[in-house]
Amino acid sequence: MAEVLIHKATYDYQQLKPAVFSMLDKLAGNKIKSGLRVLIKPNLLSFAEPQNAILTHPLIIKAAAEYVLEKGARPQVSDSPAIGSFARILKTNRIDEALAGLDVVCSAFKNTLLTDIGPPYGKIEIAQDAVEADVIINLPKLKTHTQMLLTLAVKNMFGCIVGFKKSQWHMRAGTDTDAFARLLIAIHQAVKPTVSILDGVLALEGEGPGRGGKPRHIGIIMGSDDSFALDMAVCQLLGIGYKSTPILKNALELGILPACEVKGSLPQVPNFQFPPSSGLIWGPRFLHNFMRRHTMALPFCNYSLCEMCSQCWDLCPAKAIEPLAEKIKFDYKKCIRCYCCIEICPYGALHAQETIGGKITRKLMEKFS
Ligand code: SF4
Ligand code: SF4
């Protein structure tokens, strides 16, 4: 039985540190030993400040690093941001400041190792530091995600795919959300974190996981040595069935969801705002691709916020964004609805908008369900 621990928490370090220490002690205390290399893997998607609730809070990273140091092990804080400089992320999210004076290595993932993640993918390139770590402490942020509904413990390990390779994997899955969810599961299973502590103190609701989302205070941290159990407990916290998330739905179909028990009182978070549906798929399988194309929300630009910074068209795996003289233009025939552009837009200029086909399908589904 997988256990999920819950603590009320704030970003007051005097309170936060004992809560993180107690969770790590219970869940991984006997695994973090003197001399071992411990990878601390936060969510460091792109540069943002702690109050934006886009990245794992620096004080949670600090508490994990201090715990590892107290155990005599060697902490390394790493991730591979979607775009932009790692040094800028450390500075803007005040991780530099939080870790000042601590003997911690901070570096972006760079080298990769070909790692077998099983069929149909076979050997793929995964960050060497993740594959070779003795222990992994996964520190996801509680955030919504336009494609996956939520990004939590399982999804956070996608950061072990280095740089632009992430976009290539998005492209391979295309508009098939289930295929992408299964890839995320396979990567997670190949680089299985020893323990996950989720930052749910200041979460992100609405159109996450980037600047389109809105910070929402929840005031908890949650931990487990089983990422799937942790993600299921978060769904319970937010009042949704776990099968609404593509990752947990596919994990269920693959037969890898654990039985789980929540230790501690799980508050209810009323009216948590989710992004527009990532796809309303029903009916015979041969119609699924057609339905995805016509019901999945599309990226749109609020031109008054766009600074023509180039990040979206540089990153778009489908090359579906074209810079014109003064504004960007989407080619929706090419767009695979990965929402990477929305995720990384540093000015919050992009958002997902439900299509007419999506609205009609939703109404029909509500009527006949
Ligand atoms: S939409 Fe955002 S990412 Fe794209 S060019 Fe404009 S500001 Fe940059
Ligand atoms: S336009 Fe945006 S959502 Fe569409 S494929 Fe490109 S990055 Fe993905």
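Domain bounds, as the word is used here, come from an automatic or database domain assignment. On that basis the chain is divided into domain 1 (2-263) and domain 2 (285-368), and 26 Å separate the centres of domain 1 and domain 2, taken over C-alpha atoms. This is a predicted model, in which local features need pLDDT of at least 70 and side-chain atom pairs count only at pLDDT 80 or more, while totals for chains, interfaces and linings use all residues. Residues are numbered from 1 along each chain as its sequence is written, and chains are lettered from A and ligands numbered from 1 in the order in which they are written.

**The chain as a whole**

The secondary structure comes to 14 helices and 16 strands, where helices (H or I, at least four residues) and strands (E, at least two) are DSSP runs numbered from the N terminus. The radius of gyration of the chain is 20 Å, close to the 21 Å that the globule rule gives for 369 residues, so the chain is as compact as a globular protein of that length; the radius is taken over C-alpha atoms, and the rule is 2.2 Å times the number of residues to the power 0.38. Of the 369 residues, 48% count as buried, a term for residues with 20 or more other C-beta atoms within 10 Å of their own, whereas exposed residues have 12 or fewer and partly exposed ones lie in between, with C-beta atoms placed from the backbone.

**Where the domains meet**

Across the boundary, 17 residues of domain 1 are in contact with 23 residues of domain 2, contact being defined by C-beta atoms, placed from the backbone, that lie within 7 Å. The side of domain 1 that touches domain 2 has five nonpolar, 10 polar and two charged residues; here Ala, Val, Leu, Ile, Met, Phe, Trp, Tyr, Cys and Pro count as nonpolar, Asp, Glu, Lys and Arg as charged, and the others, Gly among them, as polar.

In the largest nonpolar core, which has 108 residues, Val 20, Ala 64, Met 222, Val 234 and Cys 341 touch the most other members. Both domain 1 (2-263) and domain 2 (285-368) give residues to this core, so it lies between them. Such a core is a set of buried Ala, Val, Leu, Ile, Met, Phe, Trp, Tyr and Cys residues joined through C-beta atoms within 7 Å. Leaving aside neighbours within four places in sequence, Val 234 is in contact with Leu 142, Leu 150, Leu 152, Leu 198 and Met 222.

**The two ligands**

**Backbone details**

Most residues other than glycine have a negative phi, and most peptide bonds are trans. Ser 310, although not a glycine, has a positive phi of about 85 degrees, and Ser 310 is found in the loop between strand E13 (298-301) and helix H12 (311-315). Phi of Lys 319 is also positive, near 50 degrees, and Lys 319 lies in the loop between H12 and strand E14 (321-323). A cis peptide bond joins Pro 119 and Pro 120, with omega about 0 degrees, and the bond from Gly 208 to Pro 209 is cis with omega near 15 degrees.

Note on methods:
Two residues are in contact if their C-beta atoms, placed from the backbone, lie within 7 Å.
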